[in-house]
Amino acid sequence: LHVAFLRKCWPGLIANSVLLQHADMLLFTAGEPPLDMLQDGFGGKKVRVERYNNTGYQEGAMLAMETATVQRWFDGYDWVVRVNPDVLILDDEWLIETMLDDGVDGIFANCQDYLVCQKNCLNSLVNSDFF
């Protein structure tokens, strides 16, 4: 499923996203990604591929962030956007504006739509598909 999204959706997303056009990509994957997908899907962008042993659905997502943090792969970056390939950023204008705000240290998606919170949110459920 993720390979299908990378093949079909990501070339258009990158072409239409200022954020993604200026981003480096890191694929944390249990399998070897097809070379043509990397070339066609990311169109010459810098793509780093890191392999791991899949520990499970949610555990793999957490392992990706833990490994990258412990091994300092994010050093030198101002922001890290963590998404699964099937999570599509269709409009990045708000993200870019928010990332440029010196008063913002993190951006998180709230899974509970009925809770509207803009600041100091204590009752939200953080979505790990967007980190």
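Trainee: By class, which residues make up the lining of the largest pocket?
Mentor: In this predicted model, the lining of the largest pocket has 33 nonpolar residues, together with ten polar and six charged ones.

Trainee: What volume does the largest pocket have?
Mentor: Its volume is about 1600 Å³, and of the 49 residues that line the pocket, those closest to its centre are Leu26, Leu27, Val81, Arg82 and Val83.

Trainee: And which element gives the largest share of the lining?
Mentor: That is helix 5, with seven residues, while the elements that give two or more residues to the lining also include strand 1, helix 4 (35-42) and helix 6.

Trainee: Changing topic, how many aromatic pairs does the structure hold?
Mentor: The structure holds two aromatic pairs. In one of them, the ring centres of Phe28 and Tyr52 are 4.4 Å apart and the planes stand at 10°, so this pair counts as stacked, the cut-off being under 30 degrees.

Trainee: Where do Phe28 and Tyr52 lie?
Mentor: Phe28 lies in strand 1 (residues 25-29), whereas Tyr52 is in the loop between strand 2 (47-51) and helix 5 (57-70), so the pair ties together parts that are 24 residues apart in sequence.

Trainee: Is Phe28 buried or exposed?
Mentor: Phe28 counts as buried, because its relative accessibility is 19% and the cut-off is under 20%.

Trainee: How are the rings of Phe28 and Trp73 placed?
Mentor: Their centres are 6.2 Å apart with the planes at 55°, so that pair is tilted. Trp73 sits in the loop between helix 5 and helix 6 (93-99), and Phe28 in strand 1, so the pair ties together parts 45 residues apart in sequence.

Terms used: Residues numbered from 1 in each chain as written. Predicted model: local features only at pLDDT ≥ 70, side-chain atom pairs only at ≥ 80, totals over all residues. Heavy atoms only, no water. Phe/Tyr/Trp six-rings, centres within 6.5 Å; stacked < 30°, edge-to-face > 60°. Helix = DSSP H or I, 4+ residues; strand = E, 2+ residues; numbered from the N terminus. Buried < 20%, exposed > 50% of the residue type's maximum accessible area, 1.4 Å probe, protein only. 1 Å grid on protein atoms, 1.4 Å probe; cavity = no way out; pocket = protein on both sides within 12 Å on 5 of 7 lines; lining within 4 Å. Points joined across faces, edges and corners; volume = space filled by probe spheres on them. Nonpolar A, V, L, I, M, F, W, Y, C, P; charged D, E, K, R; others polar.
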